[in-house]
Amino acid sequence: MKGLPILAITAGDPAGSGPEITAKAFAHSEIYQICRPLVIGDVAVMEQALGFTGLENQIRVRSVKSVEEAGFEPGIMDVYDMHLIEDPKAMGIGTVNAVAGEAAFQYVVKAIDLAMKNKVDGTITNAISKEAINMAGHHYSGHTEIYADYTKTKKYCMMLAHEDFRVTHVSTHVSLREACDRCKKERILDVIEMSYEVCRDLGIENPRIAVAGLNPHCGEHGMFGNEEIQEIGPAIEAAKARGIQAIGPCPPDTVFSQAIGGWYDIVVCQFHDQGHIPTKVQGFVYNREKQCWNAVAGINITLGLPIIRVSVDHGTAFDHAGKGDANELSLLNSIEYGAKMADSRRNKQEGGSIHGQAPDHSR
């Protein structure tokens, strides 16, 4: 295992389903074939999660104070113990609260710190509650903004993926009215370039990048809006001039079916729901008869960072916390993607060193 990338896995909101999902992921011994996993969280919370999931006799928790102390052995969960929650029962499982929000926030900050110091090769994040971290006094709208702030990154974007279906976003957590105002050539070109880079990281030599329009039917030559003419089209032409195979503007009502059919490697979307809805329709499968989720798959990657960040593509599932029935598939997908990206970055570094200097995306 010595040559495998080290991945820091944050436990997520300790009052939510993240710790249980993490426990279930560690029951899949095959993750040790692609990475060396290290949980960032609290030992007491992770031991409680093993109890909720019935895995307490299958997996043992080992508290570590540094990455170097971790043994990375199947059957043993190495936990970088933050000592923030010693009594998880008093915290209030399944509730939105400031104590859990503070812990979840500090788990993320520690993972970023370890990655920025090249102690780990990538970070994998479980879900946090935006409300809880704001209750704790940390005013961020999500993981993406925390990572951008703590890594001093100015140009970044969100990517969602389910298997080989991938989308990136020009804007995310803003109102739809503001999202239209953010549809500008320079920003769209940045997202096209970041989409190109991540596809190359994933081993796609000449990625085909579809760029979705903003308006119905891409505006019908200005009848329903002119963003395609004034902003999106020029960004595509600028990308082509840089040797990127950018295609569009593509009508949003058909481009995703085409991507599923293999026409494109990734789709640049203009706002949050334009990309989130098709991805979750692909990855989230609900069983009507059994009234449960057969699959909650898909991942979330922040592009443009100097470090790797891959996340589950679902929320905290407070209603499932403590029941042991939360689905770990998205976390397993995230670990797989993170390991692949870490390997790719390592191979690009001079001499093949795992802990090389990360590129600077702070400009």
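This is a predicted model: local features need pLDDT of at least 70, side-chain atom pairs count only at pLDDT 80 or more; totals for chains, interfaces and linings use all residues.
Residues are numbered from 1 along each chain as its sequence is written, and side-chain values use heavy atoms, with hydrogens and water left out.

Let us begin with Met77, which, if we leave aside its neighbours within four places in sequence, is in contact with residues including Thr22, Phe26, Val39, Met46, Leu50 and Val61. Met77 also belongs to the largest nonpolar core, which has 98 residues, and it is listed with Ile40, Met159 and Ile192 among those with the most contacts inside that core. A nonpolar core here is a set of buried Ala, Val, Leu, Ile, Met, Phe, Trp, Tyr and Cys residues joined through side-chain atoms within 4.5 Å, and buried means under 20% relative accessible area, with exposed being over 50% and partly exposed in between, for a 1.4 Å probe and protein chains only.

Among the buried ones are Val43, Met46, Gln48 and Leu50, and what covers them includes helix H1 (18-26), strand S2 (36-41) and strand S4 (76-81). After H2 comes Gly54, whose phi is positive, near 70°.

Next, two pairs of helices. Axes are lines fitted to C-alpha atoms, for helices over the stretch in contact, and angles run from 0 to 180 degrees between N-to-C directions. Helix H8 (residues 185-201) and helix H9 (residues 227-241) pack at an angle of about 45°, with their axes 8 Å apart. That makes H8 oblique to H9, since angles under 35 degrees count as roughly parallel, over 145 as roughly antiparallel, 65 to 115 as roughly perpendicular and the rest as oblique. On the H8 side Lys185, Ile188, Leu189 and Ile192 take part, and they meet residues of H9 including Glu231, Ile232 and Ala235.

For the second pair, the axes of H4 and helix H6 (residues 143-150) come within 11 Å and cross at roughly 45°, and H4 and H6 are therefore oblique to each other. Their contact involves Phe105, Val108, Val109, Ala111 and Ile112 of H4, together with His143, Ile146, Tyr147 and Tyr150 of H6.

Finally, consider two single residues. Leaving aside neighbours within four places in sequence, Val167 is in contact with, among others, Met158, Phe256, Cys269 and Thr279.

His314 lies in the loop between strand S14 (309-312) and helix H12 (329-348), and this histidine is buried too, with a relative accessible area of 16%. Again leaving aside neighbours within four places in sequence, His314 is in contact with Ile21, Ala127, Phe284, Val296, Asn327 and Ser330.

How values were computed. Contact means heavy atoms within 4.5 Å. Helices (H or I, at least four residues) and strands (E, at least two) are DSSP runs, numbered from the N terminus.
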